[in-house]
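This briefing goes through one protein model by topic. Please keep the sequence and the 3D view open while reading.

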Amino acid sequence: MLHSMYAPLQSVLVRRPDAAFGAADPARWHYTDQPYLPLAQEEHDAFVNTLLGAGVEVLYHDAPLPDHADAIFVHDPALITDGGAIILRMGKGLRVGEEEALATTFGRLGVPILARLRAPATAESGDLLWLDERTLAVGLGFRTNAAGFDQLGEALAGLGVTLVPVHLPYFEGPDACLHLMSLISLVDRDLAVVYRPLLPVPFYQLLEARGVALIDVSDEEFATMGTNVLALAPRRCLLLEQNHQTRRALEAAGCAVLTYRGDELSLKAEGGATCLTRALIRE
């Protein structure tokens with residue numbers, strides 16, 4: 001089942017940091033600092049080993065992508081559905097080209113293509129959150145636009161999926177990375193990690209109506225991506241090691257928590273555990 005954020009994770013795609021990531025100009029890519037490639041690769045290898053230790057199959061996306069530092073964040077260029085992959089169109093101009101490179105890897109792996117977005121649509125998978133197997137929340141902001149919402153609706157109509165629009169705040173503007181999943185991660189059907197101050201009120205009310213309990217991330221840990229939590233199974237999850245308050249809150253809610261080090265990999269480049277993985281199979 002791919003229409004889930006928390007069903008047991010069986011297979012993921014990752015991309016090991018390469019020369020493009022190591023050469024990233026922080027000002028151009030909106031990173032906090034230039035990544036140190038050897039350490040980023042060590043961190044990524046350890047991240048992969050954590051996934052393998054959790055029983056997850058790990059496959060590699062290695063299609064050539066020169067000058068695409070963000071390509072390590074394989075979650076964003078496609079949405080995987082029960083009917084195949086939807087190849088998206090990146091809202092961040094520097095990431096254009098990742099979509100077809102990922103489609104090439106899907107072809108090698110035998111992943112069918114359900115649909116491709118076309119201009120003027122843009123959508124990134126960080127804005128796409130399965131609330132259940134028939135409901136997809138879509139963050140509308142600088143990365144995903146109204147045309148993207150409409151074309152996703154067309155592509156998913158045959159699968160019986162309803163889209164819920166979630167209008168995102170301006171926050172730090174178009175250069176910053178604010179996806180819907182910057183604000184929320186589901187770790188079970190009825191449990192989510194959130195940064196409440198930026199949650200749109202109608203979306204908060206929808207979560208409340210659906211009986212979703214909320215674990216609040218502090219201002220300090222929002223800055224270190226405490227909201228970016230990868231569910232490995234219901235109430236079993238993986239997040240950055242710096243987020244001690246969030247970890248304790250998850251454990252108090254009955255979650256088993258794994259952590260990873262991402263000083264170079266994540267903290268410098270604005271992408272957490274979910275961003276680093278493209279789920280291919282959930283049980």
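Two residues are said to be in contact when they have heavy atoms within 4.5 Å of each other. The model described here is predicted.

**Nonpolar cores**

- In soluble globular proteins, nonpolar side chains tend to be buried together.
- The largest nonpolar core of this model has 52 residues. The members that touch the most other members are L129, L136, L152, F203 and L250.
- Which residues does L250 contact, leaving aside its neighbours within four places in sequence? They are V187, V193, I215, C237, L239, C255 and V257.
- Another core, of 29 residues, lies apart from the largest one. Its members include L230, L265, A269 and A273.

**The sheet β12-β13-β14**

- Three strands make up this open sheet, in the order β12-β13-β14, and their pairing is mixed.
- Which strands stand at the edges? They are β12 (230–233) and β14 (256–260); each has a single partner strand, so one side of each is left without a neighbour in the sheet.
- On average, neighbouring strands of this sheet are turned by 30 degrees against each other, with direction ignored.
- The pairing of β12 with β13 (residues 236–240) is antiparallel and involves 3 bridges. Within this pair, A231 has C237 in β13 as its bridge partner.
- Helix α3 (residues 37–53) lies across β12, β13 and β14. The helix runs at about 170 degrees to β13.

**The sheet β3-β4-β5**

- This open sheet also has 3 strands, in the order β3-β4-β5, with mixed pairing.
- Here β3 and β5 are the edge strands, each with a single partner strand, so one side of each has no neighbour in the sheet.
- From one strand to the next, the twist averages 20 degrees.
- Helix α4 (residues 98–109) packs on the sheet and touches β3, β4 and β5. The direction of α4 makes about 165 degrees with that of β4.
- A hairpin of 2 residues joins β3 to β4. These strands pair in the antiparallel sense over 4 bridges.
- On its other pairing, β4 runs parallel to β5 (residues 113–116), and 3 bridges join them. The bridge partner of I86 in β5 is A115.
- In a regular strand the side chains alternate between the two faces of the sheet.
- Which residues of β3 point one way, and which the other? A78 and I80 point one way, L79 and T81 point the other way, and all are buried.

- Rolling a probe the size of a water molecule over the atoms shows where empty space is left.
- How many cavities of 30 Å³ or more does a search of the whole structure find? The search finds 4.
- The largest cavity has a volume of about 190 Å³. It is lined by 23 residues, and the closest to its centre are S4, M5, H75, T274 and R282.
- Several strands give two or more residues to this lining: β1 (9–14), β3 (78–81), β6 (128–132), β9 (184–188), β12 and β15 (278–282).
- H75 itself lies in the loop between β2 (57–60) and β3.
- Is H75 buried or exposed? Buried means under 20% relative accessible area. H75 has 6%, so it counts as buried.
- Setting aside neighbours within four places in sequence, H75 is in contact with S125, G126, M181, T274, C275, T277 and R278.

**V194 in strand β10**

- V194 belongs to strand β10 (residues 191–194).
- The relative accessible area of V194 is 0%, so this residue is buried.
- Not counting residues up to four places away in sequence, V194 touches L183, I184, L199, L214, I215, D216, V217 and T227.
- V194 and G226 are 32 residues apart along the chain, and their C-alpha atoms are separated by 8.6 Å.

Technical notes
Residues are numbered from 1 along each chain as its sequence is written. This is a predicted model: local features need pLDDT of at least 70, side-chain atom pairs count only at pLDDT 80 or more; totals for chains, interfaces and linings use all residues. Side-chain values use heavy atoms; hydrogens and water are left out. A nonpolar core is a set of buried Ala, Val, Leu, Ile, Met, Phe, Trp, Tyr and Cys residues joined through side-chain atoms within 4.5 Å. Buried means under 20% relative accessible area, exposed over 50%, partly exposed in between (1.4 Å probe, protein chains only). Two strands pair if DSSP finds at least two bridges between them. Axes are lines fitted to C-alpha atoms, for helices over the stretch in contact, and angles run from 0 to 180 degrees between N-to-C directions. On a 1 Å grid over the protein atoms alone, a cavity is a set of points where a 1.4 Å probe fits but cannot get out, and a pocket is an open set with protein on both sides within 12 Å along at least five of seven lines; lining residues have an atom within 4 Å of a point. Grid points are joined across faces, edges and corners, and a volume is the space filled by probe spheres set on the points.
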